Amino acid sequence: NWNSRIIGSSRANILVYAEKTGWMRFLTRINRDFGCSVLCLGGFPSALTSEYTTTALQQELGQETPVRLIGLVDFDYSGDLIAESFREQLIETGLNVASMVTLIHPKHYTAEELGMFKIPLPRRQKTKLKAWMKKTDGIGGEAFGLEAESMPIPRLRRLIEKEILQES
């Protein structure tokens with residue numbers, strides 16, 4: 001996935017990543033405008049993608065510089081597993097991960113938008129769904145999720161900017 005990764009010029013220690021490769025144009029603009037690193041995973045992260053990402057970041061930053069992760073993953077149990085797996089793989093390959101936040105969350109939507117965009121989650125993976133519901137409470141205590149694409153782009157950009165500028 002070398003073509004789905006850009007190391008930042010001025011804020012390389014902030015990695016904004018997306019679950020889906022369709023986000024690359026948007027993330028390229030985020031990289032250009034804020035100087036942060038960006039990556040599209042294309043689904044569940046591979047160990048190779050995580051290893052190459054760690055190597056590229058460490059070549060730019062050095063071994064010890066802490067990296068902040070900002071994730072654009074679906075608000076569902078698969079998105080949560082993708083984000084956690086990616087974070088864990090980066091740590092296992094030697095990256096100093098300081099923090100991780102994912103931005104697709106019901107708190108960033110209006111009640112009207114939640115009514116329009118919430119999707120029922122499949123119940124065939126009961127253990128994953130139960131664990132995710134315990135962790136997040138779903139939407140209003142029900143097993144509903146949100147696709148990342150449902151977030152209005154201007155709002156998502158503001159949320160990313162807020163996270164980037166938080167400690168820069």
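In this predicted model, the accessible surface of the protein chain is about 8,800 Å², and carbon and sulfur atoms make up 50% of that area. Of the 168 residues, 46% count as buried.

The chain contains 6 helices and 7 strands. In sequence order these elements run β-β-α-β-α-β-α-β-α-β-α-β-α. The radius of gyration is 16 Å, close to the 15 Å that the globule rule gives for 168 residues, so the chain is as compact as a globular protein of that length. The C-alpha trace spans about 45 × 35 × 25 Å along its principal axes.

Contacts across the sequence come next. Among contacts with a separation of 6 or more, 74% join residues 24 or more positions apart.

The charged side chains number 21 positive and 20 negative, and the centres of the two sets are 3 Å apart.

Values for the whole chain are collected here.

| Property of the protein chain | Value |
|---|---|
| Accessible surface | about 8,800 Å² |
| Span of the C-alpha trace | about 45 × 35 × 25 Å |
| Distance between the centres of positive and negative side chains | 3 Å |

One residue can be followed in detail. Arginine 155 is part of helix α6, which covers residues 153–166. Which residues does arginine 155 touch, leaving aside those up to four places away in sequence? They are His108, Tyr109 and Glu113. With histidine 108 there is also a polar contact, in which the side chain of arginine 155 reaches the backbone oxygen of histidine 108 at 2.9 Å.

Notes
Residues are numbered from 1 along each chain as its sequence is written. This is a predicted model: local features need pLDDT of at least 70, side-chain atom pairs count only at pLDDT 80 or more; totals for chains, interfaces and linings use all residues. Side-chain values use heavy atoms; hydrogens and water are left out. Helices (H or I, at least four residues) and strands (E, at least two) are DSSP runs, numbered from the N terminus. A polar contact is a pair of N or O atoms within 3.5 Å; within protein, one must be able to donate a hydrogen and the other to accept it, and residues adjacent in sequence count only if both atoms are side-chain atoms. Contact means heavy atoms within 4.5 Å. The radius of gyration is taken over C-alpha atoms; the globule rule is 2.2 Å times the number of residues to the power 0.38. Buried means under 20% relative accessible area, exposed over 50%, partly exposed in between (1.4 Å probe, protein chains only). Accessible areas come from the Shrake-Rupley method with a 1.4 Å probe; for residues, only the protein chains shown count as cover. Lys and Arg count as positive and Asp and Glu as negative; His and the chain ends are not counted. The place of a charge is taken as NZ of Lys, CZ of Arg, CG of Asp or CD of Glu.
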